[in-house]
Amino acid sequence: MYANCTELTKLPSFPRKALESDFNLYDWPTYGRPLFALDTIHKLSWCHLLSSLFMMMPKTYPWSSDLQIFLNVYNGTLILHAEDSSVLRQCLAFFIQCCYQFKTVFATTGYSGIVPTLVRVYNQNTHNPVLTQAIEFTFRQFYVMHRTPFILQLLGCIANYVTTNNGIIGVGDEFYRIQPGAVYRLLRVISRPLDDNLRILELCNIQKPLEALVSLFFILTS
């Protein structure tokens, strides 16, 4: 498994090849929808491959900057196909699995690699109750596992992107801007139990229900 991950990181086309999409083809009247569905399957196949690799890796794997390369495959897939419930479920389950499996990394800096994407997708899709509830549930699991370190990383990595503009955020450059209302809603719900409507935890090879993984004393002394 070490060799497989190492070989992937050496490929100049990774993770670009895993995320490539020709959006012009999806507007094709005859074959646009089938091609879009095929692209979704392509992204899911990559996600399943990486998930299988990660499941077999030990908790003490010496991650450096390589972890972000793999997380970017899921980040990109979620941005492209967030409103597909199967993609959403797979991506959120992978994030929870990573946070559980590599708890020390995520107790310090790991959340900065996934939280900005999740908050932006949440901010862009407040009209979709299935998606927003699933992300809220996922954030609740993050909070249960890492408590204060998660909150600190959450606020730290999105602080520069929160806007005071009350207008509607577009899909272009403004995708990176986050409405304060979205952050408030996420912070408000993570303190109480939430239903796992998409059965996200069923895809995770973890102990259930989740409990705190790392004590604050460990974080301060590590």
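A disulfide here is a pair of cysteine sulfur atoms within 2.5 Å. In general terms, it is a covalent bond between the sulfur atoms of two cysteines. One caveat before going on: the model is predicted, so local features need pLDDT of at least 70 and side-chain atom pairs count only at pLDDT 80 or more, while totals for chains, interfaces and linings use all residues. Numbering runs from 1 along each chain as its sequence is written, and side-chain values use heavy atoms, with hydrogens and water left out.

**Cysteines**

How many disulfides does the rule give? The count is zero. Take Cys-47: the closest cysteine sulfur, in Cys-91, is 4.5 Å from its own sulfur, which is too far for a bond. For Cys-204 the closest cysteine sulfur sits in Cys-98, 9.6 Å away, again too far for a bond. Accessibility is sorted with a 1.4 Å probe on protein chains only: buried means under 20% relative accessible area, exposed means over 50%, and partly exposed is in between. Cys-47 is buried at 0%, and Cys-204 is buried as well, at 4%.

**The fold in brief**

Helices (H or I, at least four residues) and strands (E, at least two) are DSSP runs, numbered from the N terminus. On that basis the protein chain has eleven helices and zero strands. Of its 222 residues, 46% count as buried. Contact means heavy atoms within 4.5 Å; among contacts between residues at least 6 apart in sequence, 74% join residues at least 24 apart.

Most residues other than glycine have a negative phi, and most peptide bonds are trans.

Pro-209 is in the loop between helix H10 (180-189) and helix H11 (216-221).

Axes are lines fitted to C-alpha atoms, for helices over the stretch in contact, and angles run from 0 to 180 degrees between N-to-C directions. Angles under 35 degrees count as roughly parallel, over 145 as roughly antiparallel, 65 to 115 as roughly perpendicular and the rest as oblique.

Helix H7 (residues 115-124) packs on helix H8 (residues 129-146) at about 150°, with the axes 10 Å apart. That makes the two roughly antiparallel. On the H7 side, Val-115, Leu-118, Val-119, Val-121 and Tyr-122 make the contact, and they meet Leu-131, Thr-132, Ile-135, Glu-136, Phe-139 and Phe-142 of H8. By class, this contact has nine nonpolar residues, one polar and one charged. The classes are simple: Ala, Val, Leu, Ile, Met, Phe, Trp, Tyr, Cys and Pro are nonpolar, Asp, Glu, Lys and Arg are charged, and the others, Gly among them, are polar.

What is the angle between H7 and H9? H7 and H9 pack at about 70°, with axes 9 Å apart, and are therefore roughly perpendicular to each other. Here Val-115, Pro-116 and Val-119 of H7 touch Phe-150, Leu-154, Cys-157 and Ile-158 of H9. That contact has seven nonpolar residues, no polar ones and no charged ones.
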